[in-house]
Amino acid sequence: MSHGWKITVMVAAAAGVVSTPLVWLLDSPDTGQLVGATVQAATGIAALVWALMQRPPDPTPVPGLADLAVETGNADGTDGGTAHTGVRRPGGAGTGSAKAERTGNATAQGPGSSAGTGVDYS
């Protein structure tokens, strides 16, 4: 529940608790008025407690930009080099979606070389 709605419900509940039951009780109520005043006050108190117990809504996540790699071609990593076709997000960085389609071949040759296709989170 937003802060504004919470305040609105609390004010309405307080008005319900105080308004009519107070008028009835000051004018020597009969049994029906006393029961009505009690029910109205209890309903107002329940609404007030409910409003106080509500948590603020979780903030809506803001989607990030989408990373897209399509038909990127070949990549060769040699002699300790790194080659990657697709999308790289080191350490999982980024908030939007990542997609790679038909990225082609990636080739690694030699010690310490690496190659990959698709989405790389390493």
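Biologist: Let me start with one residue. Where is the place of Arg55?

Modeller: In a loop. Arg55 sits between helix H2 (31–53) and strand S1 (67–70). Keep in mind that this is a predicted model.

Biologist: Is Arg55 buried or exposed?

Modeller: Exposed means over 50% relative accessible area. Arg55 counts as exposed because its relative accessibility is 70%.

Biologist: What separates the C-alpha atoms of Arg55 and Lys6?

Modeller: A distance of 9.6 Å, although the two residues are 49 apart along the chain.

Biologist: Which elements make up the chain, and in what order?

Modeller: Count 2 helices and 6 strands. From the N terminus they run α-α-β-β-β-β-β-β. For the contacts with a separation of 6 or more, 66% come from residues 24 or more positions apart.

Biologist: How do I read a helix such as H2?

Modeller: An α-helix has 3.6 residues a turn, so residues three or four places apart point the same way. In H2, the buried residues are Ala37, Ala41, Gly44 and Ala51. H2 has 23 residues. Its first and last C-alpha atoms are 33 Å apart, close to the 33 Å expected.

Biologist: Which residue caps the N-terminal end of H2?

Modeller: Asp30. One of its side-chain oxygens lies 3.2 Å from the backbone nitrogen of Gly32.

Biologist: Now a strand. Which way do the side chains of S2 (residues 75–78) point?

Modeller: They alternate. Ala75 and Gly77 point to one face and are buried.

Biologist: In which sense do S2 and S5 pair, parallel or antiparallel?

Modeller: Parallel, over 4 bridges. Within S5, Ala108 stands opposite Gly77.

Biologist: What is the phi of Asp79?

Modeller: Positive, at about 50 degrees, although Asp79 is not a glycine. Asp79 lies in the loop between S2 and strand S3 (82–88). With 70% relative accessibility, Asp79 counts as exposed.

Biologist: Why does Ser113 count as buried?

Modeller: The cut-off for buried is under 20%. Ser113 has 18% relative accessibility, so it counts as buried. Ser113 belongs to the loop between S5 and strand S6 (114–120).

Biologist: Which residues is Ser113 in contact with, leaving aside its neighbours within four places in sequence?

Modeller: Gly77, Thr78, Asp79, Gly80, Gly81 and Ala108. The Ser113 side chain also reaches the backbone nitrogen of Gly80, at 2.9 Å. Asp79, with its positive phi, is one of the contacts of Ser113.

Biologist: And Tyr121: where is its place?

Modeller: In the segment after S6. Tyr121 is partly exposed, with a relative accessible area of 45%. C-alpha to C-alpha, Tyr121 and Pro90 are 5.1 Å apart in space but 31 residues apart in sequence.

How values were computed. Residues numbered from 1 in each chain as written. Predicted model: local features only at pLDDT ≥ 70, side-chain atom pairs only at ≥ 80, totals over all residues. Heavy atoms only, no water. Buried < 20%, exposed > 50% of the residue type's maximum accessible area, 1.4 Å probe, protein only. Expected span 1.5 Å × (residues − 1). Polar contact = N/O pair within 3.5 Å; in protein donor to acceptor, adjacent residues only side chain to side chain. Contact = heavy atoms within 4.5 Å. Pairing = 2+ DSSP bridges.
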